[in-house]
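Work through the exercises below with the model open. Try each task before reading its solution.

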Amino acid sequence: MKSLWNNFKVAFAMFSKIPMPRADWTKENMKYMFCFFPFIGTVIGVLTVAVAYAGRRFGYQPGFVTALLVLVPVFVTGGIHVDGLLDTSDALSSWQERSRRLEILKDSHAGAFAVITAAVYFVTWYGAYDQLYTSENMEAIAIMSLGFMVSRCLSGIGVIVFPKAKSDGTVAEFSRNSSDVISRNVLIVYLILLAAAMIWIEPVWGIAAFAGALVIFGYYHHTAMKYFGGTTGDLSGFFLCICEAGMAVILAVVSNLFIR
């Protein structure tokens, strides 16, 4: 039990800004880390529903509540995955050879395409949440709250099963220290349960959001393999961001077309 608790702490310390008791980053304490990665999404999902409910309950203006909804994931994670999104955007937009793209991923400077991507990303989130919140669509927001776990399950599976673009990168180190088969199977079980929960809330919307996440996961695999020769930590963050934003847009569109 102590080992599992340490794995939990390492997962939250690495992928969130939530204060955690100290745990050494040993192989034993990272072995099942990805089994706990989706629970950061649970925190984001709970806060998302809480913010939306509080906004309705206390009558706050839609623009203010929508802005808070957009910022919840950033506050919880510290923007670690957005950093991957922007680095990957710069690398993909460079149209350089593979080795140069991998170098750009490591560059701490933000290029023009990273700035453009950040603007598009947050405007997309704002538009999707504005549609969901102003239409008082709490069911779709609840499905989205589960989507934060779905994206992390798929991201974890990608880290475990995809080839690694670099043998010395963060993802490669995590993969070496993890119990691949157990972690992968646990994440798959999570996905099945999450899909069932999303469909239970509203079948058409839940199926659309989950299917969209799987399609984006396929795009992530294609992009990682074609342009980078495998995945990296930045590419994992890139996927997680576009997966969540994609689910939000899908829910905004589908919930408006297929009103309960």
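**Exercise 1. Describe how helix H6 and helix H8 cross, and list the residues in contact.**

Step 1. Locate the helices: H6 spans residues 80–94 and H8 spans residues 112–134. Helices here are DSSP runs (H or I, at least four residues), numbered from the N terminus.

Step 2. Compare the axes. They come within 8 Å and cross at roughly 130°. Axes are lines fitted to C-alpha atoms, for helices over the stretch in contact, and angles run from 0 to 180 degrees between N-to-C directions.

Step 3. Classify the angle. H6 is therefore oblique to H8. The classes are roughly parallel under 35 degrees, roughly antiparallel over 145, roughly perpendicular from 65 to 115, and oblique for the rest.

Step 4. Assign the hand: the crossing of H6 and H8 is right-handed. Right-handed means that the near helix is turned clockwise from the far one by less than a right angle; anticlockwise is left-handed.

Step 5. List the contact residues (heavy atoms within 4.5 Å). H6 supplies Val-82, Leu-85, Leu-86, Ser-89, Asp-90 and Ser-93. H8 supplies Ala-112, Phe-113, Ala-114, Thr-117, Ala-118, Tyr-121 and Phe-122.

Step 6. Sort the residues of this contact: 9 are nonpolar, 3 polar and 1 charged. Nonpolar covers Ala, Val, Leu, Ile, Met, Phe, Trp, Tyr, Cys and Pro; charged covers Asp, Glu, Lys and Arg; the others, Gly among them, are polar.

The model is predicted: local features need pLDDT of at least 70, side-chain atom pairs count only at pLDDT 80 or more, and totals for chains, interfaces and linings use all residues. Residues are numbered from 1 along each chain as its sequence is written, and side-chain values use heavy atoms, with hydrogens and water left out.

**Exercise 2. Is Ser-89 buried or exposed, and which residues does Ser-89 contact?**

Step 1. Ser-89 sits in helix H6. Its relative accessible area is 10%, so Ser-89 is buried. Buried means under 20% relative accessible area, exposed over 50%, partly exposed in between (1.4 Å probe, protein chains only).

Step 2. Set aside neighbours within four places in sequence. Ser-89 then contacts Phe-113, Ala-114 and Thr-117.

Step 3. Take the pair Ser-89 and Thr-117. They are 28 residues apart in sequence, and 6.9 Å apart in space, C-alpha to C-alpha.

**Exercise 3. How many disulfides does the structure hold?**

Step 1. The count is 0. A disulfide is a pair of cysteine sulfur atoms within 2.5 Å.

Step 2. Check Cys-153. The nearest cysteine sulfur, that of Cys-35, is 9.8 Å away. Cys-153 is buried at 0%.

Step 3. Check Cys-243. Its closest cysteine sulfur, in Cys-241, is 10.0 Å away, too far for a bond. Cys-243 is also buried, at 0%.

Terms used. Helix = DSSP H or I, 4+ residues; strand = E, 2+ residues; numbered from the N terminus.
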